[in-house]
Amino acid sequence: MSVPARAAALTAAVLIVVGLGVFVGYFFIGSATTQLTTVHYSASGGQVNVMLQEDPQNDSASRPDWVTYYTQDPTSKQWVHTTLFSVPANTKVNVTIYGYDGCTPLRNNYFSQIQGVMGNAVTVQQFDDKNKPLGPAQSQSVINSWSACNVAHTFAIPELGVYVPVASPNANNSVNNLCGTSPCTPSSGGAYAVETFSFMSPSQTGSYRWQCLIPCGGGYLDGNGGPMQTLGWMTGFMYVVAS
């Protein structure tokens with residue numbers, strides 16, 4: 001092969017590698033999210049209350065069809081499109097998650113078990129699209145998405161051993177009744193579930209990654225790209241700061 005031919009082949013190979021990198025970065029991992037707001041939670045009486053919700057869509061201009069989490073600002077009570085929040089170290093963290101998205105079976109039913117939270121149990125209550133409770137709040141140590149379609153996503157902090165399936169409106173409750181405008185609220189319509197649980201934040205300050213473990217990136221390879229791997233949607237950080 002001549003020198004020009006070899007040079008052309010090498011150039012083509014480099015372009016292919018670069019193009020593949022761009023494809024993987026954009027389509028599998030998802031576009032980068034910048035300038036996310038961090039919501040700060042302050043403790044009172046040795047505990048802090050973190051409020052999250054997960055929606056079937058979002059109010060961003062760039063990716064309005066991506067599933068997402070929101071975090072509530074404790075001062076303004078506004079829902080912020082971010083997955084970054086901070087809590088004090090060595091503090092009881094009470095988490096409330098409003099589940100507005102429809103059900104998606106867990107790929108591994110092992111994660112139906114509540115793990116790493118106090119009592120290894122959560123409290124769940126279902127509501128219809130008129131904000132009417134469909135029964136009392138119940139404590140559960142397992143939310144089995146294989147036997148009933150009642151899990152939408154998960155909240156997991158692997159470094160802390162926290163794995164919590166997030167309840168969704170059950171299959172009958174969610175058909176044609178999901179919230180259509182984000183951020184969702186009980187008064188705006190849409191069936192939902194409310195789930196609460198608690199865990200202790202670590203004494204070591206630092207950044208602790210949390211994410212959904214259900215492949216929820218529709219249109220991406222194995223569902224593992226897009227919102228599932230992008231900060232601000234289905235993955236984020238809990239910053240543990242000095243108390």
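This is a predicted model: local features need pLDDT of at least 70, side-chain atom pairs count only at pLDDT 80 or more; totals for chains, interfaces and linings use all residues.
User: Let's start with strands. Where do the side chains of β10 point?

Analyst: Here is the general idea: in a regular strand, side chains alternate between the two faces of the sheet. Now look at β10, residues 162-167. Val162, Val164 and Val166 point one way, while Tyr163, Pro165 and Ala167 point the other way.

User: Are those residues of β10 buried or exposed?

Analyst: Six of the six residues in β10 are buried, so the strand is mostly covered, where buried means under 20% relative accessible area.

User: Which strand is joined to β10, and in what direction do the two run?

Analyst: Strands of a sheet pair through backbone hydrogen bonds, either parallel or antiparallel. Here β9 (residues 151-157) is joined to β10 by six bridges, and the two run antiparallel. As one example, Val151 has Ala167 of β10 as its bridge partner. The hairpin of β9 and β10 has four residues between the strands, and Gly161 there takes a positive phi near 75 degrees.

User: What is the order of the strands in the open sheet?

Analyst: Seven strands form that sheet, in the order β4-β3-β2-β6-β11-β7-β8, with mixed pairing. At the edges stand β4 (79-80) and β8 (138-140); each has a single partner strand, so one side of each is left without a neighbour in the sheet. Elsewhere in the order, four bridges join β2 (residues 47-55) to β3 (residues 68-72), running antiparallel. Glu54, for instance, has Tyr69 in β3 as its bridge partner.

User: On to cysteines. How many disulfides are there?

Analyst: In general, a disulfide is a covalent bond between the sulfur atoms of two cysteines. This structure holds two. One joins Cys103 to Cys149, with an S to S distance of 1.7 Å. That pair links distant parts of the chain, 46 residues apart: Cys103 lies in the loop between β6 and β7, and Cys149 in the loop between β8 and β9. The other is formed by Cys179 and Cys184, whose sulfur atoms are 2.1 Å apart.

User: Why is the disulfide of Cys103 and Cys149 called right-handed?

Analyst: The torsion about its S-S bond is about 95 degrees, so this disulfide is right-handed. By contrast, the link of Cys179 and Cys184 has -95 degrees and is left-handed.

Conventions. Residues are numbered from 1 along each chain as its sequence is written. Side-chain values use heavy atoms; hydrogens and water are left out. Buried means under 20% relative accessible area, exposed over 50%, partly exposed in between (1.4 Å probe, protein chains only). Two strands pair if DSSP finds at least two bridges between them. A disulfide is a pair of cysteine sulfur atoms within 2.5 Å.
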